[in-house]
Amino acid sequence: MEQLGIHTYVWTAASKQQDLEMAMERTSELGYDLLEFPRLDPRKFDIAALGRRRGELGLKAAVSMGLPVDGDVSSEDPAIVRRGEAMLEEAVAVTRDVGGHKLAGIIYSAHRKYATAPTRKGWQNSVAVLARVAEKARAAGVTLNLELVNRFESNLLNTVAQGLAFIRDTGSDNIFVHLDTFHMNIEEADPARAIRLAGDQIGYFHIGESNRGYLGSGTINFDTVFDALIDVGYADCISFESFSSEVVDQDLSMTCAIWRNVWTDNVSLARHAKNFVQMRSAEAQRRADAYRTRQAPVQPATGSPM
Ligand code: MN
């Protein structure tokens, strides 16, 4: 059985230390295993204190982020690339200090709608930075997870095939793909096949509906998604990500085009998501078990001699 995570922005836009403490408490009370933090500025938050509270609650943590335009490691401008590399190094340290083991999100380009296609030089710059940061991350006990997002949120990696090619170019075994059902639903010809293609290179997984609201209220076929996750043996964290204009972080809400309320009651939303994932995952496991039973060779009768 996989672990269940939830994104901080279900609870709060996290402008203050107390907001993050509240988010950890809600997450723990509702029976989730992990809280996904946004990128935290160590000059603004007491990261060690957050890590201690996390430990007291018995929660796991991950950190996700999108690089800003002035820290775009897929830029052709060396100063911008260097700034992005420094931001990634800081995010690795924050992930370690809060007690997390995964840094995820759009860490290979800016998180934005691009007006131009990526360049070969930009790809190479990003590959070189990620390869270097991956080694620092390894020393910190942190993996890097590249979130494959839709075309309106990055121009570099929109599909699993692109993500795997990028990882091959880095030559690193500390970089994985971070899949998200919301984005796969837009970009992959068949999200379940994309999961099977990613296989053991899946490091982190976001579950989100096509409208980014209640799971089951949109068009995503979650049964085939869970069947594929079982096929590839994914037993790590599945984190629920949902955004509503009820909770607004200026940067992320604008970039992700969160223009309306798809929910108002976040406790009800989080309870529903946990039940949904557990139920659909258990159903998929029963389907897989039934299939294996039917496929098992018939055992010859034993016991009595001829
Ligand atoms: Mn996501």
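## Strands 3 and 4

Leu67 has Ala110 in strand 4 as its bridge partner. Strand 3 (residues 60–67) and strand 4 (residues 102–110) are joined by five bridges and run in the parallel sense; two strands count as paired if DSSP finds at least two bridges between them. Helices (H or I, at least four residues) and strands (E, at least two) are DSSP runs, numbered from the N terminus. Nine of the nine residues of strand 4 are buried, where buried means under 20% relative accessible area, exposed over 50%, and partly exposed in between (1.4 Å probe, protein chains only).

The model is predicted, and local features need pLDDT of at least 70, side-chain atom pairs count only at pLDDT 80 or more, while totals for chains, interfaces and linings use all residues. Residues are numbered from 1 along each chain as its sequence is written, and side-chain values use heavy atoms, with hydrogens and water left out.

## The barrel

Eight strands form a closed barrel in the order 1-2-3-4-5-6-7-8, with parallel pairing. From one strand to the next, the twist averages 30°. Angles run from 0 to 180 degrees between N-to-C directions, and axes are lines fitted to C-alpha atoms, for helices over the stretch in contact.

Strand 6 (residues 175–180) and strand 7 (residues 202–207) run parallel and are joined by four bridges. Along this pair, His178 stands opposite Tyr204, and Leu179 stands opposite Phe205. On to strand 8, strand 7 pairs in the parallel sense over three bridges, with Ser239 in strand 8 as the bridge partner of His206. Six of the six residues of strand 7 are buried.

## The manganese site

Which residues coordinate the manganese ion? The ligands are Glu147 (OE), Asp180 (OD), His206 (ND1) and Glu241 (OE), at 2.0 to 2.1 Å. Donors are N, O and S atoms within 2.8 Å of the metal (3.2 Å for Na, K and Ca); water is not among the atoms, so sites may look incomplete.

Along the chain, the donors follow the spacing E-x32-D-x25-H-x34-E. Asp180 in strand 6 and Glu241 in the loop between strand 8 and helix 9 (250–255) are 61 residues apart, and the pair links distant parts of the chain. Both Asp180 and Glu241 are buried.

## Helix 8 and its partners

Helix 7 (residues 191–198) and helix 8 pack with their axes 8 Å apart, at an angle of about 15°. The two helices, helix 7 and helix 8, are therefore roughly parallel to each other; angles under 35 degrees count as roughly parallel, over 145 as roughly antiparallel, 65 to 115 as roughly perpendicular and the rest as oblique. Contact means heavy atoms within 4.5 Å, and Ala192, Ile195 and Arg196 in helix 7 meet residues of helix 8 including Thr224, Val225 and Ala228.

The axes of helix 8 and helix 10 (residues 266–295) come within 9 Å and cross at roughly 60°. That angle makes helix 8 oblique to helix 10.

## Ile80 in helix 3

Ile80 lies in helix 3 (residues 78–97). Leaving aside its neighbours within four places in sequence, Ile80 is in contact with Val69, Asp70, Gly71, Asp72 and Ser75. The C-alpha atoms of Ile80 and Ala93, 13 residues apart along the chain, are separated by 20 Å.
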